Amino acid sequence: MKTSCIILFAPLLVGCTSTHQAASLTTDQAKAVAIRLANEKAAATYHSQPFHDGQPPSFVAGHWTWRQLGTGDIEATVELAADGSTNSVTLIQLVDKLILP
């Protein structure tokens with residue numbers, strides 16, 4: 001009887017896991033990874049490494065997000081998984097041009 005109860009309830013217990021994911025990187029580590037990834041992509045795209053410091057990343061909904069405006073008006077947004085693996089690196093070069101008719 002005990003064995004049949006365990007077999008019956010085992011699938012229910014397997015599904016009982018926490019959906020909260022803790023960060024395995026510190027804020028400083030996540031920032032360093034984000035700066036490195038942003039500079040690597042900027043070097044390949046714009047032939048510059050405009051990111052040196054900045055605000056710390058935010059850890060929200062199980063992932064890190066870091067956003068910074070670097071020299072040359074290049075803005076980076078880096079998203080990292082909790083363990084530091086790369087989710088995405090997006091660069092935008094902001095352009096401020098006066099267009100005359």
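**Contacts, core and loops**

Guide: Leaving aside neighbours within four places in sequence, W66 is in contact with K31, A34, I35, A38, F51, D53, Q55, P56, P57, A76, T77 and V78. Contact means heavy atoms within 4.5 Å. This is a predicted model: local features need pLDDT of at least 70, side-chain atom pairs count only at pLDDT 80 or more, and totals for chains, interfaces and linings use all residues. Residues are numbered from 1 along each chain as its sequence is written, and side-chain values use heavy atoms, with hydrogens and water left out.

Visitor: Is W66 buried or exposed?

Guide: W66 is buried, with a relative accessible area of 1%. Buried means under 20% relative accessible area, exposed over 50%, and partly exposed in between (1.4 Å probe, protein chains only).

Visitor: How many aromatic pairs turn up in the whole structure?

Guide: The search finds 2. F51 and W66 form one that is edge-to-face, at 5.9 Å centre to centre and 80° between the planes. Rings of Phe, Tyr and Trp (its six-membered ring) pair if their centres lie within 6.5 Å; planes under 30 degrees apart count as stacked, over 60 as edge-to-face and the rest as tilted.

Visitor: What does the F51 and W66 pair tie together?

Guide: Parts that are 15 residues apart in sequence, because F51 lies in the loop between α2 and β1 while W66 is in strand β2. Helices (H or I, at least four residues) and strands (E, at least two) are DSSP runs, numbered from the N terminus. F51 is buried too, at 1% relative accessibility.

Visitor: Now the largest nonpolar core. Which residues touch the most other members?

Guide: F51, W66, V78 and L80, out of 17 residues. The elements giving two or more residues are α2, β2, β3 and β4 (86–93). The largest share, 7 residues, comes from α2. A nonpolar core is a set of buried Ala, Val, Leu, Ile, Met, Phe, Trp, Tyr and Cys residues joined through side-chain atoms within 4.5 Å.

Visitor: Back to K31. Where is that found?

Guide: In helix α2, residues 27–46. K31 counts as buried at 15% relative accessibility. Beyond four places in sequence, K31 touches D53, G54, Q55, P56, P57 and W66.
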